[in-house]
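These are my notebook entries on a single structure.

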Amino acid sequence: SSSSEAYAGTAGKPIPTPEDVCLCIDDIFNPRFSYAGSKIIGELLFINYARKYNLNFRIARYHNVYGPRMGFEHVIPQLSDRAVNKEDPFNIYGGDQTRTFCYVDDAVRATCLVMRNSTLDAQVINIGSDKETKIIDVANIILELSDYKPEIEENYSPPGSTDRRCPNIDKLTAAGF
């Protein structure tokens, strides 16, 4: 499995982003790109190992999967935790940035489909949604659901953050998802 973070250096590339876009890292000194780099390296090694030993494989590139027991290192649980703890002012970083979100049950269903579909052998497949949502809109939904109305303070996103991330899911859709 891989991650949409593999697209970290593809700013300005096509949106929705297809699986065959060139992967790169803009700044190897930016610690934010450590995870992206590990995913790119993992894909590179896995693909070439599988080819060398004639192994069937598929790589799933997950895009912002959310749901129960996911931990607090992602946008939805972070915003939820801050709403529950009544952060005020409520800081939003990169509010105009967009992401797509995929509920964990849908990601599991897509993963099973990809694993069982031999037409997807030796391919990378984006798993996610193609509906972009602004981070500020996610925050507003969470605040509304938690019945909390703090002062909202919009801040710049951290260096290296992507303005838009949306996968092209044509392969997944063609496979029956």
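This is a predicted model: local features need pLDDT of at least 70, side-chain atom pairs count only at pLDDT 80 or more; totals for chains, interfaces and linings use all residues.

Entry 1: I then looked up the volume of the largest pocket, which is about 1000 Å³. Of the 34 residues in the lining, I noted those closest to the centre of the pocket: Glu5, Asn64, Glu73, His74 and Val75. I also asked which elements give two or more residues to the lining. They are strand S3 (65–66), helix H2 (75–84), strand S4 (90–93) and helix H3 (104–116). The largest share comes from H2, with six residues.

Entry 2: the sheet. I next looked up the order of the strands in an open sheet of three strands. The order is S1-S2-S7, and the pairing is parallel. Why is one side of S1 and of S7 left without a neighbour in the sheet? Strand S1 (2–3) and strand S7 (123–127) stand at the edges and have a single partner strand each, so one side of each has no neighbour there.

Entry 3: the pairs of strands. I took the two pairings in turn. S1 and S2 pair in the parallel sense over two bridges, and I recorded that Ser3 stands opposite Tyr62 in S2. Strand S2 (residues 58–62) pairs with S7, also in the parallel sense, over five bridges. Within this second pairing I looked up two positions of S2. Ala60 stands opposite Ile125 in S7, and Arg61 has Asn126 of S7 as its bridge partner. I then checked the helix that packs on the sheet: H3 touches S2 and S7, and its direction makes about 160 degrees with that of S7. H3 is also one of the elements that give two or more residues to the lining of the largest pocket.

Entry 4: Ala6. Is Ala6 buried or exposed? Its relative accessible area is 0%; buried means under 20%, so Ala6 counts as buried. Leaving out residues up to four places away in sequence, I listed what Ala6 touches: Leu23, Ala36, Lys39, Ile40, Glu43 and Arg61. Arg61 is the residue whose bridge partner in S7 is Asn126. Finally, I compared sequence and space for one pair. Ala6 and Gly42 are 36 residues apart in sequence, and their C-alpha atoms are 9.9 Å apart in space.

Definitions and conventions. Residues are numbered from 1 along each chain as its sequence is written. Side-chain values use heavy atoms; hydrogens and water are left out. On a 1 Å grid over the protein atoms alone, a cavity is a set of points where a 1.4 Å probe fits but cannot get out, and a pocket is an open set with protein on both sides within 12 Å along at least five of seven lines; lining residues have an atom within 4 Å of a point. Grid points are joined across faces, edges and corners, and a volume is the space filled by probe spheres set on the points. Helices (H or I, at least four residues) and strands (E, at least two) are DSSP runs, numbered from the N terminus. Two strands pair if DSSP finds at least two bridges between them. Contact means heavy atoms within 4.5 Å. Axes are lines fitted to C-alpha atoms, for helices over the stretch in contact, and angles run from 0 to 180 degrees between N-to-C directions. Buried means under 20% relative accessible area, exposed over 50%, partly exposed in between (1.4 Å probe, protein chains only).
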